[in-house]
Amino acid sequence: MRSRRAADMLGVFEPMVRNRARTKVKRGRPGKRSAPEARLAELCVEQWRSRLAERYLPRILDCLEQLSDEEIWWRPNEASNSAGNLVLHVCGNMRQWIISGLGGAPDVRERDKEFAERGPIARSALNEKLRQTVKDCCRVLARVKGDDLTRPYRIQEFDVTGYYAAAQVTEHAAYHLGQIIYITKLKRAKDLGFTRLPSADSKASERKP
């Protein structure tokens, strides 16, 4: 059964994408995608890849580097997950929704095992798994075109568009990155320095989020 959050997102987002996909472009050949639509698809893909590879990946790796092997698998209680579990979970989600869902690779995910693992899986193995998963995910996104984003997919028993699948993965990774950061702050008791706001007199290159 879908969670309320997932159902709400599908209820709002999916009809808009489906209706847009069914609308014929008035100028040019029927079904031909307009320049603004194609550019929007390019910008979305560019942003998803940038977030995953340039923002989320380095920060998760930084957190793992600051935690001991024992701390990576520490959990405050049985209702919570360790940083190690969260890394496995993020990898499983990316592989199922993007690498398999959009890219066509076999879906071999065993979701329950992501939470059941108690470790210790070596830090180096976790790092490599995350790096490779993000790399494979970004390769699939690099091949995605506008029509791939608007067509329907069946992923994890949800009926979604490519837009929804990619947005879900990006949101999901950010959500769990926040949890990993919080665990790291609990253990290290310091500011990790991930957020830096530009000053009023900063250069244009320093004002990119």
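**Figure 1. The largest cavity.** In this predicted model, the largest cavity holds about 40 Å³ of space. A cavity is a set of points, on a 1 Å grid over the protein atoms alone, where a 1.4 Å probe fits but cannot get out. Grid points are joined across faces, edges and corners, and a volume is the space filled by probe spheres set on the points. The whole structure has one cavity of 30 Å³ or more. Its lining is formed by Leu 52, Tyr 56, Leu 57, Ile 60, Val 90, Met 94, Leu 130, Val 134 and Ala 173; lining residues have an atom within 4 Å of a point. Helix 2 (35-66), helix 4 and helix 6 (123-143) each give two or more residues to this lining. Helix 2 gives the most, with four residues. By class, the lining has nine nonpolar, no polar and no charged residues. Ala, Val, Leu, Ile, Met, Phe, Trp, Tyr, Cys and Pro count as nonpolar; Asp, Glu, Lys and Arg as charged; the others, Gly among them, as polar. Helices (H or I, at least four residues) and strands (E, at least two) are DSSP runs, numbered from the N terminus.

**Figure 2. Helix 4 against helix 8.** The axes of helix 4 (residues 83-100) and helix 8 (residues 162-188) come within 10 Å and cross at roughly 175°. Helix 4 is therefore roughly antiparallel to helix 8 (angles under 35 degrees count as roughly parallel, over 145 as roughly antiparallel, 65 to 115 as roughly perpendicular, the rest as oblique). Axes are lines fitted to C-alpha atoms, for helices over the stretch in contact, and angles run from 0 to 180 degrees between N-to-C directions. Contact means heavy atoms within 4.5 Å. Helix 4 contributes residues including Leu 86, Val 90, Met 94 and Trp 97. Those from helix 8 include Tyr 164, Val 169, His 172, Ala 173 and Ile 180. The contact has 14 nonpolar, six polar and no charged residues.

**Figure 3. The second largest pocket.** This pocket has a volume of about 290 Å³. A pocket is an open set of points with protein on both sides within 12 Å along at least five of seven lines. It is lined by 16 residues; Leu 88, Gly 92, Glu 110, Glu 114 and Lys 129 lie nearest its centre. Helix 4, helix 5 (111-116) and helix 6 each give two or more residues. The largest share, six residues, comes from helix 4. The lining divides into five nonpolar, four polar and seven charged residues.

**Figure 4. Two backbone details in loops.** The peptide bond from Gly 119 to Pro 120 is cis, with omega near 5°. Pro 120 sits in the loop between helix 5 and helix 6. Gln 156, a residue other than glycine, has a positive phi, near 55°. Gln 156 lies in the loop between strand 1 (152-155) and strand 2 (158-161).

**Figure 5. Model confidence.** The chain averages a pLDDT of 87, and 84% of the residues score at least 70. pLDDT is the predictor's confidence in each residue, from 0 to 100. It stays under 50 over residues 1-13, which have 18 contacts beyond four places in sequence. Residues 15-30 also stay under 50, with 10 such contacts.

**Notes.** Local features need pLDDT of at least 70 and side-chain atom pairs count only at pLDDT 80 or more, while totals for chains, interfaces and linings use all residues. Residues are numbered from 1 along each chain as its sequence is written, and side-chain values use heavy atoms, with hydrogens and water left out.
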